[in-house]
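Please examine the sequence and the three-dimensional model shown here. The report that follows treats selected helices, the sheet and several individual residues.

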Amino acid sequence: LINVFSKIHIRFECNKKLLDFFKKSKRSTSYEKIVRVNNRSFDEFKLSKLDISDDYIVLLDLNLNHKEDVILREKINQSLELEHYENLNKLLENLRSLYNKEVVVCIHPQYNLEKTKNYFPNYKVLKFKTREMIYKAHLALFFDTTAIMDAYFLNKKILSLKTRIPIITDSTRYNKEFGTPIIDIYKKYDFTKHELDLNFSSANHTQQKFLETYIQVDGQNVGIDKILTECQELLK
């Protein structure tokens with residue numbers, strides 16, 4: 001900003017809020033050019049051959065002892081961890097009974113697969129299959145992960161989860177900003193399938209807002225194509 005370092009040639013951005021901020025800002029930025037591109041969820045949908053179905057209840061599990069969280073509040077002790085997963089398993093069983101769908105747990109590639117399997121003895125736990133399983137989800141559950149963008153893009157039924165264990169990000173923001181139904185895993189599960197489906201139905205129009213804010217900000221253009229074109233022009 002004070003011209004000590006050279007500016008970055010191009011910033012590719014798929015967040016409409018940031019694009020609007022840069023456009024309205026009167027301050028100089030550290031980028032010579034800001035280019036809007038669609039999110040990778042859009043690109044994957046356009047370029048991949050993944051099948052879309054509604055066969056599963058898919059949980060995108062949270063690493064309670066993620067390194068960034070541990071830095072701020074130390075490691076969660078085992079008793080709290082066990083309590084968290086006990087409640088989470090009860091919720092999954094409740095939803096499995098309501099929707100008569102198989103439950104699958106997906107985890108980040110860096111998570112410990114064997115440890116996570118111990119926490120979910122009754123369900124499949126998968127690595128490297130998150131996008132594929134979201135495409136096959138009837139219902140997607142999450143605490144906070146960018147992987148959920150695929151579920152928003154495909155207009156899946158999405159359930160935001162809240163835990164008592166402190167995590168860096170605010171897992172309630174999807175409910176506050178986009179009306180995504182939210183469940184506290186520590187509270188009694190007295191909802192019915194009809195009540196849940198009504199909440200999912202009312203969230204449909206706000207999920208479109210999520211799509212327009214974070215995923216599809218550049219029409220029908222494939223993001224990777226635009227990035228390659230811009231880089232080729234830069235080289236010229």
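## Helix α2

Helix α2 (residues 40–47) has Ser 41, Phe 42 and Asp 43 as its buried residues. Here, buried means under 20% relative accessible area, exposed means over 50%, and partly exposed lies in between (1.4 Å probe, protein chains only). Helices are DSSP runs of H or I with at least four residues, strands are runs of E with at least two, and both are numbered from the N terminus. The buried residues of α2 pack against α6 (130–135), α7 (149–153), α10 and α11 (223–235), where contact means heavy atoms within 4.5 Å.

At the start of α2, a side-chain oxygen of Asn 39 comes to within 2.7 Å of the backbone nitrogen of Ser 41. A polar contact is a pair of N or O atoms within 3.5 Å; within protein, one atom must be able to donate a hydrogen and the other to accept it, and residues adjacent in sequence count only if both atoms are side-chain atoms.

## Basis of the model

This is a predicted model, in which local features need pLDDT of at least 70 and side-chain atom pairs count only at pLDDT 80 or more, while totals for chains, interfaces and linings use all residues. Residues are numbered from 1 along each chain as its sequence is written, and side-chain values use heavy atoms, with hydrogens and water left out.

An open sheet is formed by 6 strands in the order β5-β4-β3-β6-β7-β8, with parallel pairing. Two strands pair if DSSP finds at least two bridges between them. The edge strands, β5 (124–127) and β8 (182–184), each pair on one side only. From one strand to the next, the twist averages 25 degrees. Strand β3 (residues 56–60) pairs with strand β6 (residues 137–142) in the parallel sense over 5 bridges, and Tyr 56 has Ala 137 as its bridge partner in β6.

Helix α4 (residues 78–99) packs on the sheet and touches β3, β4 (102–107), β6, β7 (157–162) and β8. The direction of α4 makes about 160 degrees with that of β6; axes are lines fitted to C-alpha atoms, for helices over the stretch in contact, and angles run from 0 to 180 degrees between N-to-C directions.

## Asn 87 in helix α4

Is Asn 87 buried or exposed? Asn 87 lies in helix α4 and counts as buried because its relative accessibility is 14%. The side chain of Asn 87 reaches the backbone oxygen of Glu 83 at 2.8 Å. Leaving aside neighbours within four places in sequence, Asn 87 is in contact with Ile 185, Tyr 186 and Tyr 189.

## Loop residues

Most residues other than glycine have a negative phi. Phe 128, although not a glycine, has a positive phi of about 60 degrees. Phe 128 is placed in the loop between β5 and α6 and counts as exposed because its relative accessibility is 66%.

Asn 155 also has a positive phi, near 55 degrees, and is a residue other than glycine. Asn 155 is placed in the loop between α7 and β7, and at 42% relative accessibility Asn 155 counts as partly exposed.

Glu 74 is found in the loop between α3 (67–73) and α4, and its 61% relative accessibility makes Glu 74 count as exposed. Glu 74 and Ile 182 are 108 residues apart in sequence and 26 Å apart in space, C-alpha to C-alpha.
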